[in-house]
Amino acid sequence: VYILASGKNGTLYIGVTNDLSLGVWNHKEGRASAFTRRYGVSRLVWYEEYPTVPQAIQRETSLKRWKREWKITLIEKVNPGWEDLSAGLV
């Protein structure tokens, strides 16, 4: 489960994938989502891993229902500078 942003406090996108590196790369290349392509959302600012697909989908669904301020707080707990975390992926 991951959150992409267009920049600090910018447009957010929440997604789920079984290959985070590939998923983020597809967003950066404009191949994954019309929404992320349209709004320039490609900076990986937060992610979590889950042992099963249903757990990951449940978390994604839950996060999508959260208020924006809660999502921002979640991001800033682990990434206060809103740095692009994709560089650290293998």
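Phe35 touches Thr11, Leu12, Tyr13 and Val41, not counting residues up to four places away in sequence; contact here means heavy atoms within 4.5 Å. The structure is a predicted model, in which local features need pLDDT of at least 70, side-chain atom pairs count only at pLDDT 80 or more, and totals for chains, interfaces and linings use all residues. Residues are numbered from 1 along each chain as its sequence is written, and side-chain values use heavy atoms, with hydrogens and water left out.

Let me stay with Phe35. Its place is in helix H2; helices (H or I, at least four residues) and strands (E, at least two) are DSSP runs, numbered from the N terminus. Phe35 is partly exposed, at a relative accessible area of 34%. On this scale buried means under 20% relative accessible area, exposed over 50%, and partly exposed in between, with a 1.4 Å probe and protein chains only. Between Phe35 and Tyr13 there are 8.3 Å, C-alpha to C-alpha, although the two are 22 residues apart in sequence.

Ser33 lies in the loop between H1 and H2 and is buried, with a relative accessible area of 12%. A polar atom of the Ser33 side chain lies 3.1 Å from the backbone nitrogen of Phe35. A polar contact is a pair of N or O atoms within 3.5 Å; within protein, one must be able to donate a hydrogen and the other to accept it, and residues adjacent in sequence count only if both atoms are side-chain atoms. Leaving aside neighbours within four places in sequence, Ser33 is in contact with Tyr13 and His27.

Thr36 belongs to helix H2, residues 34–39. Is Thr36 buried or exposed? Thr36 counts as buried because its relative accessible area is 3%. Its side chain makes a polar contact of 3.0 Å with the side chain of His27. A polar atom of the Thr36 side chain also lies 3.1 Å from the backbone oxygen of Ser33. With neighbours within four places in sequence set aside, the contacts of Thr36 are Leu4, Tyr13, His27 and Val41.

Now to the nonpolar cores. Such a core is a set of buried Ala, Val, Leu, Ile, Met, Phe, Trp, Tyr and Cys residues joined through side-chain atoms within 4.5 Å. Which members of the largest core touch the most other members? Of its 13 residues, these are Ile3, Leu12, Val45, Trp46, Leu63, Ile75 and Trp82. Two or more residues come from each of strand S1 (2–5), strand S2 (12–15), strand S3 (43–47), helix H3 (53–65) and helix H4 (68–78). H4 gives the most to this core, with three residues. A second, separate core has six residues, among them Tyr2, Val24, Val41 and Leu44.

Apart from neighbours within four places in sequence, Ile3 is in contact with Leu12, Tyr13, Ile14, Arg43, Leu44, Val45, Trp46, Leu74 and Ile75.

Two residues deserve mention for their backbone. Most residues other than glycine have a negative phi. Trp82, in the segment after H4, has a positive phi, near 55 degrees. Trp82 is buried, with a relative accessible area of 0%. Asn9, in the loop between S1 and S2, also has a positive phi, near 60 degrees. Asn9 counts as partly exposed because its relative accessibility is 40%.

Finally, the largest pocket. On a 1 Å grid over the protein atoms alone, a cavity is a set of points where a 1.4 Å probe fits but cannot get out, and a pocket is an open set with protein on both sides within 12 Å along at least five of seven lines; lining residues have an atom within 4 Å of a point. About 330 Å³ of space lies in this pocket; grid points are joined across faces, edges and corners, and the volume is the space filled by probe spheres set on the points. Of the 18 lining residues, Val1, Thr17, Asn18, Glu48 and Glu49 lie nearest the centre. Helix H1 (20–28) and H3 each supply at least two lining residues, and H3 gives the most, with three.
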